[in-house]
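Subject: Structure handover

Hello,

Here is the structure I promised to pass on. Please open it first, then read my notes below.

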Amino acid sequence: GELFYEMPSGRPVQVPSGGQNKVTLEIKGLHPKLWSPDFPNLYRLETLLEENGRVVDKTETLVGFRTFEVNGARFYLNGQPYFLRGAGTSPYGCRPHDQELAEKFMGLMHKGNEVITRFHTTGVSETWAYASDVAGVGVCVEGVWPRMLSGDSETPDPELVRYWQEDQLDLFRSMRNHPSVLIWDINNEMRFHSDPLPKFHYFDTDRKRRLEKWKIISDMIKMTRKMDTTRPIIAISEYTRTRKEFVDDLKPNNLDDGDIDDIHVYNGRYGPSGFFVDVKTDVEDVYSEYDRPLISQEASTGYPNNDTGYPINSYIYRNLTAEAWLGQYVFDPSAPFLDLHARTTQQWIENIRRHHSKIAGWLLFSNCNWFRRVTDANRIEPFPTYHQAKYALHPVLVSLESPNRHFVSGG
């Protein structure tokens, strides 16, 4: 859409020279069409900087208007309840400035009903963020330096923490004008906090050091909130708040653990098949002790490689995952693994969508592996998993539950 508005002539905004200055423009009477994955409405914002009547700088920014917020255990997009249906991670790190690939891949995501993704553990370029805005794919931007506080490791030197904070804020600041960016994620799998499986086991057993690490994360969250008040925050991708840790350690010390619980589950790989998982007992009752959104950004059923579609070797031989049970048929040119992987992935997300009562979103992992020649915009080709996930992630899922599972012609 096009929306034109010029500040009334004779009322320029004065900006002091030198240093960093924040200027707020209030424009009344603006009624734009809102941005959403269904309707990714965008507008051009042209900004001019004049000095003594002469234009000394000019920039044009694509912007969108939308709200995204947490209310209890639900997300609300533009005031309406919104369930996150998506997958990650796209090949943005392989070709960060390939505009053709970014637009092609994000377009395929949207056509495949994957309407949110995660930019995982690394910085993301304007090229891919812009493609997300245009295609209508929501984004979670995850911070840099993953796993830096893991386990029983020592607390980093304060100077190193300062460098990390600068890197992190620079990344978030560069992305904050993109309407597709819905969530900030401070970091991936830091694993020093409590683990609800088994109940209240701690990854870092030293309580004093654990609190020091939480202070580092909490400070980063508070800085992010100061920089941007409009987006919810994930403290750690893989972290869920437990009542014991929150009551004993976090709340008394004014430590901020974000707004969203995010679990990583590898059913069919490190855990039971998604066919047999009881969503309430095995997922919701374990991970949702608080009334706040529970999502997964890593719900994986396996990884085909991008050349042949065979399973990735390291996962077979290092982790002895389920693909190894297929023996020689794993590498059969008729690709039974791809069909198995596609069906398993479809059933996993359908099981979640059919039976959840608290879950607020589910991102399958990793859709970068659902394509042959994933870094070539002209030759990229979907594997079967893409097509099955497209059905499972459809906006409307209708399931027939009946003891009469047999039907005949004329019935």
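Start with Leu-364. Leu-364 touches Gly-86, Ala-87, Gly-88, Ala-299, Thr-345, Trp-348, Ile-349, Trp-370, Ala-389 and Leu-393, leaving aside residues up to four places away in sequence. A contact here means heavy atoms within 4.5 Å.

Two notes on the source. This is a predicted model: local features need pLDDT of at least 70, side-chain atom pairs count only at pLDDT 80 or more, and totals for chains, interfaces and linings use all residues. Residues are numbered from 1 along each chain as its sequence is written, and side-chain values use heavy atoms, with hydrogens and water left out.

**Cores**

The largest nonpolar core has 72 residues. Ile-217, Trp-362 and Leu-364 have the most contacts inside it. Helix α4 gives this core its largest share, 7 residues. A second, separate core has 17 residues, including Leu-42, Ile-183, Ala-360 and Leu-363. A nonpolar core is a set of buried Ala, Val, Leu, Ile, Met, Phe, Trp, Tyr and Cys residues joined through side-chain atoms within 4.5 Å. Buried means under 20% relative accessible area, exposed over 50%, and partly exposed in between (1.4 Å probe, protein chains only).

**Strand β15**

Helices (H or I, at least four residues) and strands (E, at least two) are DSSP runs, numbered from the N terminus. In β15 (residues 359–365), 7 of the 7 residues are buried, so the strand is largely enclosed by the rest of the structure. Strand β6 (residues 84–88) runs parallel to β15, joined by 5 bridges. There, Gly-86 has Leu-363 as its bridge partner. Strand β14 (residues 294–299) also runs parallel to β15, with 4 bridges. Ile-295 stands opposite Gly-361. Two strands pair if DSSP finds at least two bridges between them.

**Helix α3**

The 18 residues of α3 (residues 158–175) should span 26 Å at 1.5 Å a residue, and the end C-alpha atoms are 26 Å apart, which agrees. The expected span is 1.5 Å times one less than the number of residues. Buried in α3 are Val-161, Trp-164, Gln-165, Gln-168, Leu-169, Leu-171, Phe-172 and Met-175. Seen down the axis, they fall within an arc of 160°, so they line one face of the helix. The arc is that of the directions from the helix axis to the C-beta atoms. Their cover includes α2 (126–135), β8 (138–142), β9 (181–185) and α4 (207–227).

Best wishes
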